[in-house]
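Have your viewer ready and follow along.

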Amino acid sequence: GDSVTQMEGPVTLSEEAFLTINCTYTATGYPSLFWYVQYPGEGLQLLLKATKADDKGSNKGFEATYRKETTSFHLEKGSVQVSDSAVYFCAGRSGGSNYKLTFGKGTLLTVNP
Amino acid sequence: DTEVTQTPKHLVMGMTNKKSLKCEQHMGHRAMYWYKQKAKKPPELMFVYSYEKLSINESVPSRFSPECPNSSLLNLHLHALQPEDSALYLCASSQEGLTAETQYFGPGTRLLVL
């Protein structure tokens, strides 16, 4: 089956710092890749996605590019804010996992003022 | 609009109670999902409905009983739960089930079993 290797936290940054959270997906096919964000006490929100190689997803200042050769989908943001404090999940779906959504373990980000 | 709604937001129940969780979407999606999420963990898939038929049951105990009355509505009936079933229950939907399309999640129901 598919698997996701996601950088584990926790990650603590100061406001306006640069953020990178690494994610690598292992699958027999070519998955669609997603980043979900979960704010404290809430459900999961789709942050961005990419469905094929070289696709770049972007939203709210976050970006991630689907690199086919490494099946990686690293999340980046140039200048984080306190309001970005949340848990970030990398996930993917492919035929190799019967299209079940496979999650990474999640990365807790805390941004201090 | 990519909204999935869930009710109730919070639920406390005893081990002998019967309760139901409700999920609704009006995006015309034909696949709906139930997930269970424990603290500091990713969501775990419980059930998948595709075109109103149960297509995946991840070996979930029978005290959890899903129901899909129509393409917009998904219920999870709870009976004789255990304290370890306390968790955040998330509903999700997607355009189709057996594809790599995006799943959209609801806000969840936080369940406490006493």
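How many bridges join β2(B) to strand β11 of chain B, and do these strands run parallel or antiparallel?

## Ground rules

This is a predicted model, in which local features need pLDDT of at least 70 and side-chain atom pairs count only at pLDDT 80 or more, while totals for chains, interfaces and linings use all residues. Residues are numbered from 1 along each chain as its sequence is written, chains are lettered from A and ligands numbered from 1 in the order in which they are written, and side-chain values use heavy atoms, leaving out hydrogens and water.

## A strand pair in chain B

The answer is 4 bridges, and β2(B) and β11(B) (residues 109-113) run parallel. Strands here are DSSP E runs of at least two residues, numbered from the N terminus, and two of them pair if DSSP finds at least two bridges between them. B:Met13 has B:Val113 as its bridge partner in β11(B).

In a regular strand, side chains alternate between the two faces of the sheet. In β2 of chain B (residues 10-13), B:Leu11 and B:Met13 form the covered face, and B:His10 and B:Val12 the uncovered one.

## A buried threonine in chain A

A:Thr102 lies in strand β11 of chain A (residues 102-103). A:Thr102 counts as buried because its relative accessibility is 16%, where buried means under 20% relative accessible area (1.4 Å probe, protein chains only). Beyond its neighbours within four places in sequence, A:Thr102 has contacts (heavy atoms within 4.5 Å) that include A:Asp2, A:Tyr25 and A:Cys90.

Key. Buried means under 20% relative accessible area, exposed over 50%, partly exposed in between (1.4 Å probe, protein chains only).
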